[in-house]
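Please walk through this model one region at a time. Keep the sequence beside you as you read.

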Amino acid sequence: MYRQFWLALNPLTFAVDLRAMYVFPLIIPGQRFLFCGAILLFVLVFMDCTSTELECRHDDAACNPVATLTLLSSAGFFKSCSTAELLFEPAASAEANGYGALAFMNGTFASLAGNGTNRAMYSANALLWTAASAGALEWRGMTSGAGLFVAVAITGPSAVTTSPDGVNWTPRTPPSVIEWRSVVYGAEDGLFAAVSSSGANPIMTSPDGLTWTARNAPELNLWYSVTYGNGIFVAVAHSGGTNQVMTSADGITWNSAMHAEANDWESVTFGNGLFVAVASSGTNRVMTSSDGTNWTRDWPPSRTPGSR
């Protein structure tokens, strides 16, 4: 191992924003010191290298540092190494609305807002968005499945809307006019399920997203979010009764489950074999479960002195 000087712009140590003329340092293994000139865009880096070829990633030691910085066509991104890993870049929405519902299907992102003139927008790359009309309701939850985008709103008699492409939206009628907040598609069951924070029957299901049926909840809580994983529907409540979790194997019959802590649970999702819920209040605002029924509270991540 020997020390080598590099008097050049290291494309894998920095992503350069040419419009603002500044650089963002990125941490990579082996880096010791770096100095950057924001205008001249020169970087002097002291590197510990195992060969004359600079290691640009720990998992891609064979890449060439002079050939790894590539413009992503018209997107304005830089690509590092061979993984095409993107840096986050802000993008303008189609209109200045309060967008809160988002889903992806068949190469298209679609989003709905709770205010504005045209409350829908869609994009093929998440950078350039086009406005569309979806009804003047306060849209809150959105999912995709069975070839449809499906969204729900907390107001209005047509508080469900569907679209095959994110462009053309058709209003649908829910079984009751209550505050529908979240919707999910259970692929294994072939069923959409939505939950509400109000009403006597705060659950509705649909096999196609078009026709909906009311379902009973085990407790009349303020149900805020629903997800699906491992063949199970799981919903969490912002507040309410003894149990702020409910589960269902088919979307029709639901059972109560004990939460890990009596917090205001806002959202739940599933991934990597685990259900994870987050709250806006409480001491431990994350809880996890492998089966949707038995939950464990997670403490906030600790920090060591001097860490960021």
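Ala126 is partly exposed because its relative accessible area is 29%; the term covers values between buried, under 20%, and exposed, over 50%, with a 1.4 Å probe and protein chains only. Ala126 sits in the loop between strand S10 (120-123) and strand S11 (130-132). Strands here are DSSP runs of E with at least two residues, numbered from the N terminus. Ala126 is not a glycine, yet its phi is positive, about 65°. Most residues other than glycine have a negative phi.

This is a predicted model, in which local features need pLDDT of at least 70, side-chain atom pairs count only at pLDDT 80 or more, and totals for chains, interfaces and linings use all residues. Residues are numbered from 1 along each chain as its sequence is written, and side-chain values use heavy atoms, with hydrogens and water left out.

Asn106 also has a positive phi, about 50°, although it is not a glycine. Its loop lies between strand S8 (99-105) and strand S9 (108-113). Asn106 counts as exposed because its relative accessibility is 67%.

Now turn to the aromatic rings. Rings of Phe, Tyr and Trp (its six-membered ring) pair if their centres lie within 6.5 Å; planes under 30 degrees apart are stacked, over 60 edge-to-face, and the rest tilted. The count comes to eight aromatic pairs. One of them is the tilted pair of Phe104 and Phe109, with 4.6 Å from centre to centre and 55° between the planes. Phe104 is partly exposed, at 44% relative accessibility. Phe109 is partly exposed too, at 26%. Together with Trp129, Phe104 and Phe109 form one aromatic cluster.

A charge can also sit over a ring: NZ of Lys or CZ of Arg must be within 6 Å of the ring centre and within 35 degrees of the ring normal. Arg181 lies over the face of Tyr224, 4.3 Å from the ring centre.

Where does strand S17 (residues 191-196) lie? Six of its six residues are buried, so S17 is largely enclosed by the rest of the structure. Leu191, Ala193 and Val195 are buried on one side, and Phe192, Ala194 and Ser196 on the other.

S17 has strand partners; two strands pair if DSSP finds at least two bridges between them. Strand S16 (residues 180-186) runs antiparallel to S17, joined by six bridges. Val184 has Ala193 as its bridge partner. Four residues separate S16 and S17 in their hairpin, and Gly190 in the turn has a positive phi of about 60°. Strand S18 (residues 203-206) is antiparallel to S17 as well, with four bridges. There, Ala194 is partnered by Met204.
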